[in-house]
Amino acid sequence: MDHGHCLLLIQNIELLQKHLTSRMADFGLYEYQEEVVQRALRGENVIIWLPTGGGKTRAAVYVAKKHLENNPGAKVAVLVNMVHLVEQHYNKEFKPYLGRDYSLVSISGDCDQKDFFGCEVKNSDLVICTAQILENALTNQEEGKHVELSQFTLLIVDECHHTHKEGVYNKIMGRYVAQKLKGERQLPQILGLTASPGTGGAKSIKGAVEHVLQICANLDSVIVSSKVYAPELKKKVPRPRKRFDIVDRRPQDPFGDHLKFMMQFIHDFMALGPDFPVKEFGTQEYEADVVILEKKGVTDRNRLLAQCALHLRQYNDALLINDTVRMVDAFRVLESYYSTKTSTATDGTDFFLLGLYQENEVELRKLAGDARFENPKMGKLQNTLLEQFDQGEHSRGILFSKTRKSICCLYDWVSNNPALQRAGIRAAILTGAGNGTNYMTQNEQKDTIRNFRLGSLNLLISTSVAEEGLDIPECNLVVRYGLLTNEIAQQQASGRARASDSVYSVVAQAGGREVRRELLNECLEDLTGRAIGEVQRMEPREFQIKITDLQTEAMLTRQLAEQLKIKKRSRFSAATVQLSCRDCFVPVAFGNDIKVIENAHHVNINPDFEKYYKTGEQTPLKTFEDWEPGRVISCAACGKQWGREMVYKEIALLPILAIENFAMETPEGRKLANKWKKVEFTVEEFNFSMYCQNKFPNMLD
């Protein structure tokens, strides 16, 4: 090629780059966003690493737009890990930019489209859904519901650092990698988005690099970040002002001391001996020990040990709550627990434990109401909230705490605190979706987030469900209260404070573990950045060899694990396994009484089983395609909750059982399982026709 042709080619490339840059500018991308999407625009598999608030989703929208424009018949799937992010991404990002020219659909667990996912994919250019919806569709072979990965040309994985271990992202990508290693070429391009892949628990640069490489292998992608325009990124995404709001340890805690006295009394009653050294009461370590103790009691058929351990866990929960929120909150937890025990006591152990609480109830109530010994963290938290909300009516904040119990207690405190109410705080709870008293429905989640976004609520009291992806530009306060989490969660929570001059507050006890963990997380955040830098500096060939080795190793490990699961599931004949109530040890069923519906609901089809349980309240829950939930069921002898009824196809009333509430007598002794997939016998599929023939023999006459 002569010099003139070379010059012309360079000029054409420069014109093309200018045109592309102009199009990006029209789209509203910053230069650092333009920088990180370049390789994705060339069709490469890429993980975009930008901080929270850096506009990863907007960059992904642009990649999706160009992908659809340049590839006739293209089909894009956007995967998220939280239900509320489906609507957020659809309404705030993808629909405004793509809705005019392309067919878009958003699908989550509470909408009817999920039942016809295959049809929706066929009729849409872009689908936004929770990862579990796609996973279900990949495994469901029914026409209209099934899809293949090859139907998509671009897969966008939001919060892609969750692509590891047994997570649903990794199940999807495990299929992808397995097909790739077999030589399958018709696979979608991958675009992962993350604010931090973390270090995977590693505290050395070598371990952190290995973790980042594993995430890259799992997503079959390189990881990119802004280099040239990093100063612009730093300017556009300022970090909130971080501060530690430290409070001294409460000088006296007579309520907590009395709980510890009662716990020691139970330990003396158990007479464990020197083989079981007691960890400090009121700690997570002690809770782990009593969980093990309860399992030992059940498997050894030692009901005294198992029941004492269960009650000790309640007292330990009360101590943890006493350390986090108010004394009265801790007392109410115990009061609620023991309110159900009077009518279900069956032996001397039950009467001892119930009597111990009843003898001390009045004293505990009195101590819990003594304001002189209240938790000083509450006063510090009040000051932190007032300092921000007194500045003006436009303040908005998120208060993070660890458990559903603690956020319910904090909500009660905020709602009944005169000073906070005078400051105009309008609070609501935000928890994960699920069934139960402390869970929210998906619609309740959406309504709460919408009201917070609109400003009718100005304080969310939340578990980790709000840490990732929640985009509220006006949020100017994030408070971490009683939390011990990793560096990823810390960065995610910090990123929720997006308004200018935002505050990120850690309310903690002086010398407490929360402060030490926050400081460690800062070091791990720096280590993550260094590890990513090392991975990015690897020679392409070296990187690819390493990635392929990790993928091959992971695929072989998955195959071996699956073989072991199959072998384990057929270890015993179902007829030789007897199920007993985990609390009172009464035998109630055999393994061959249990059938599985839709690979999810394990029901007992033996009509004699109904004499072993009693029914409770009918809680209002969502109805599904073929079934609707019924009343709660519990052990007729001791009151242990076992599960709930279901009405299947409007005919069959069946008890759904949670295996964690039972012990299994096997030919090799008593065993426990916390999930049905871990039982060591095969559970057959429910045959509705056969059930109807047996239940209603004259129905077909």
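Modeller: In this predicted model, helix α6 lies across β2, β3, β4 and β5, and runs at about 100° to β4.

Colleague: What makes residues of α6 count as buried?

Modeller: Buried means under 20% relative accessible area. Ala131, Ile133, Leu134, Glu135, Ala137 and Leu138 of α6 (residues 131-139) are buried, so each falls under that cut-off. Their cover includes β2 (76-80), β3 (104-107), β4 (126-130) and β5 (154-157), along with the helices α5 (117-122) and α7 (168-181).

Colleague: Why are β3 and β7 called edge strands?

Modeller: The open sheet has 7 strands in the order β3-β4-β2-β5-β6-β1-β7, with parallel pairing. β3 and β7 (222-224) each pair on one side only, so they are its edge strands. From one strand to the next, the twist averages 15°.

Colleague: How do you know that β2 and β5 pair?

Modeller: Pairing takes at least two bridges, and 4 bridges join β2 to β5, so these parallel strands pair. Ala77, for instance, has Leu155 in β5 as its bridge partner.

Colleague: Which residues touch the most other members of the largest nonpolar core?

Modeller: Of its 101 residues, those are Ile48, Phe94, Phe117, Leu134, Ile156 and Leu191. Helix α8 (residues 205-219) supplies the largest share of this core, 8 residues.

Colleague: What is Leu191 in contact with, leaving aside its neighbours within four places in sequence?

Modeller: Leu191 has heavy atoms within 4.5 Å of Ala40, Val46, Ile48, Ala60, Val63, Leu154, Leu155, Ile156 and Val157, so these count as contacts.

Colleague: What does the second, separate core include?

Modeller: That core has 59 residues, among them Leu305, Tyr357, Leu367 and Phe389.

Conventions:
Residues are numbered from 1 along each chain as its sequence is written. This is a predicted model: local features need pLDDT of at least 70, side-chain atom pairs count only at pLDDT 80 or more; totals for chains, interfaces and linings use all residues. Side-chain values use heavy atoms; hydrogens and water are left out. A nonpolar core is a set of buried Ala, Val, Leu, Ile, Met, Phe, Trp, Tyr and Cys residues joined through side-chain atoms within 4.5 Å. Buried means under 20% relative accessible area, exposed over 50%, partly exposed in between (1.4 Å probe, protein chains only). Axes are lines fitted to C-alpha atoms, for helices over the stretch in contact, and angles run from 0 to 180 degrees between N-to-C directions.
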